[in-house]
Amino acid sequence: MSDKRIIDREELIHLIKINSRKSENEEGDLDYDVFVGFHDGTYEGIEVDTSYHILVRNEFLPMSQINEFLEIWDDEHLEKKQESSTWFISDYFSDGNVYELEDVERVFSEYTVEGDEFIVVNSHYELLKTMVENPGKSIVVEWSR
């Protein structure tokens, strides 16, 4: 498992900006799948595709669904768990409100709270495990396609 670090909202916005495309013809460097945690153990997702857009999912991801997914894949090899986790998160982000990358500050001011801290992980499988280990904590996956 990779080393986890904690960042605040301002640092996350800064990372998104420096890793986003600089012109229409470029690709972004890293993408960010952000999950804002709530005390009841549910999460709300913000997908930042630094090559194209920001997508905010208008449906909560409950802990029961995360646990169910992890149980299904429990006996698989790590590579299979990681691949399946990426597809699970990709399916979650299949619909939502789409925003321009330039609106990153406005989106994060609407969907997060100033002073929020995020646990940064490097894979979607690590994201799901961290959600179970730290219910209600906000988590972000920093990853490259």
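A: E68, E71, D74, D75 and E76 form a negative surface patch. A patch joins residues with over 30% relative accessible area and no salt bridge, like charges within 9 Å and nonpolar side chains (Val, Leu, Ile, Met, Phe, Trp, Tyr) within 5 Å. A salt bridge is a side-chain nitrogen of Lys or Arg within 4 Å of a carboxyl oxygen of Asp or Glu. Asp and Glu count as negative, Lys and Arg as positive, while His and the chain ends are not counted. Each charge is placed at NZ of Lys, CZ of Arg, CG of Asp or CD of Glu. Accessible areas come from the Shrake-Rupley method with a 1.4 Å probe, and for residues only the protein chains shown count as cover.

This is a predicted model, in which local features need pLDDT of at least 70 and side-chain atom pairs count only at pLDDT 80 or more, while totals for chains, interfaces and linings use all residues. Residues are numbered from 1 along each chain as its sequence is written, and side-chain values use heavy atoms, without hydrogens and water.

D75 sits in the loop between α2 (63-72) and α3 (78-92); helices are DSSP runs (H or I, at least four residues), numbered from the N terminus. With 74% relative accessibility, D75 is exposed: exposed means over 50%, buried under 20%, and partly exposed in between.

In α2, the buried residues are M63, I66, F69 and L70. They lie on the same side of α2 because they cover an arc of only 125° around the axis, taken from the directions from the helix axis to the C-beta atoms. The face turned away from this buried side carries the exposed S64, E68, E71 and I72.

Key: Helices (H or I, at least four residues) and strands (E, at least two) are DSSP runs, numbered from the N terminus. Buried means under 20% relative accessible area, exposed over 50%, partly exposed in between (1.4 Å probe, protein chains only).
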